[in-house]
Structures are given as C-alpha cells and as structure tokens.
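Please consult the sequence and structure shown below alongside the text.

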Amino acid sequence: MAGGGVAVLVVAAAGLALTSMDSGESGASELEPAGNWSQVDMTDVNSGDTYEISELDRPVVVEPFAAWCSTCLRQQKEMAEVQDSADVTFVSLNVDRNEGSEKVRSHAERNGFDWRYSVVPGSVLRSLQGQFGPSVVIPPRAPKVVLCEGGTSRLSNGVKPGEKVLEEVENAC
C-alpha cells in the first residue's frame, strides 16, 4: 500500500521487554530494524485478504491482543475513537494460540471493529518476542510496537486514549 497514513496493528502480548516499557512509563525505545514478523503473509479474518505488515502505510502500530482480554478490548475501543479522524489503519494480531479465525472474526464483528484482524503464526510470536521481549505477547499488558519508515520501536504498555497512542507514534517516528 502507498500513502502517508498511520497503520495501527493491534496485537496483545506477554513477558518482559525494556524495563521502562514494562513499567508502563511513556516513551519509546530507539528505532531498530524491523524483525521477520513484519514480512510474514497474514490473512485478515474479516476480508480474507492476505497482507504483510511491512507493506502497509507507515507508521504501523502493532498491538497484540486476545479475544478474551478485557484490557485489549478497552484499548481497541480507544483506537476506534480515533480511527476515522486520524488517518489510521488498524491491524489487530491475535496472539492466543487457542483462538482461531472464527473467534477473532466474531470478536471484531461483535464490537464493530472494521480494521484488519489476524491470527498470528508461531513464527511471528517468536520473532516479536525475540525483538521486543516476552511481554510483547502478553495481552493484558496492552503492548504496542510501531513500525516507522526508519525501523521499529516499542511503545509503552497499558491502555491509553487513542490520541495518546497517536502522540507516542508521532514521537517514535
């Protein structure tokens, strides 16, 4: 895809990452090259379309999630509030290996979310953890990663107003 929009990839995550990120402090780490996770073919459970995160308009915010995670749902509702006004594209990556495409599609439909939703393969989970630490795949931490033109950065954990997430993205990129 071409253009200057912000793409938000929602992915719920777990584990330990940078101390300042795990503690919930605001700010982003320095940009580093994107991991293999951004170049894996994924299928949008809503449309059936295949895409790679690396091909989406930048910046792309990745927020791992699980359908059972109430924290994730709260963050997704915040992002839905800014979706249309912020020129953003959301992509939510389900990291719960026990939830399949139908469960994820049902979650998106039930809550009125119309951005990309995908169930990630194990290779993406391992790649995200390798680059950002295990907490990036712990959904209740509301982790976020941003893919900018110049690389990637970990955003602070926790549910934030959509405008705050967009501010962190702007600061990181």
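## A buried glutamine

Gln 83 counts as buried because its relative accessibility is 15%, where the cut-off for burial is under 20%. The model is a predicted one. Gln 83 belongs to helix H2, and its side chain forms a polar contact of 3.0 Å with the side chain of Asp 114.

## Helix H2

Which residues of H2 are buried? They are Thr 71, Cys 72, Gln 75, Gln 76, Met 79, Val 82 and Gln 83. Viewed down the axis of H2, these buried residues fall within an arc of 130 degrees, so they line one face of the helix.

## The nonpolar cores

The largest nonpolar core contains 21 residues. Within this core, the residues with the most contacts are Val 61, Tyr 117, Val 146, Leu 155 and Val 169. At least two core residues come from each of the following elements: strand E4 (60-65), H2, helix H3 (101-111), strand E7 (144-148) and helix H5 (162-172). H5 gives the most to this core, supplying four residues. A second, separate core has 19 residues, including Trp 37, Tyr 51, Val 91 and Val 124. In soluble globular proteins, nonpolar side chains tend to be buried together.

Apart from neighbours within four places in sequence, Val 146 is in contact with Pro 59, Val 60 and Val 61, with Gly 151, Thr 152, Ser 153 and Leu 155, and with Val 169, Ala 172 and Cys 173.

## Strands E7 and E8

E7 and E8 pair in the antiparallel sense over five bridges, and a hairpin of two residues joins E7 to E8. In this pairing, Lys 144 stands opposite Leu 155 in E8.

Strand E8 spans residues 151-155, and five of its five residues are buried. Both faces of E8 are covered: Gly 151, Ser 153 and Leu 155 lie on one side, while Thr 152 and Arg 154 lie on the other.

Technical notes: Residues numbered from 1 in each chain as written. Predicted model: local features only at pLDDT ≥ 70, side-chain atom pairs only at ≥ 80, totals over all residues. Heavy atoms only, no water. Buried < 20%, exposed > 50% of the residue type's maximum accessible area, 1.4 Å probe, protein only. Arc of directions from axis to C-beta. Core = buried A, V, L, I, M, F, W, Y, C linked by side-chain atoms within 4.5 Å. Contact = heavy atoms within 4.5 Å. Pairing = 2+ DSSP bridges. Polar contact = N/O pair within 3.5 Å; in protein donor to acceptor, adjacent residues only side chain to side chain.
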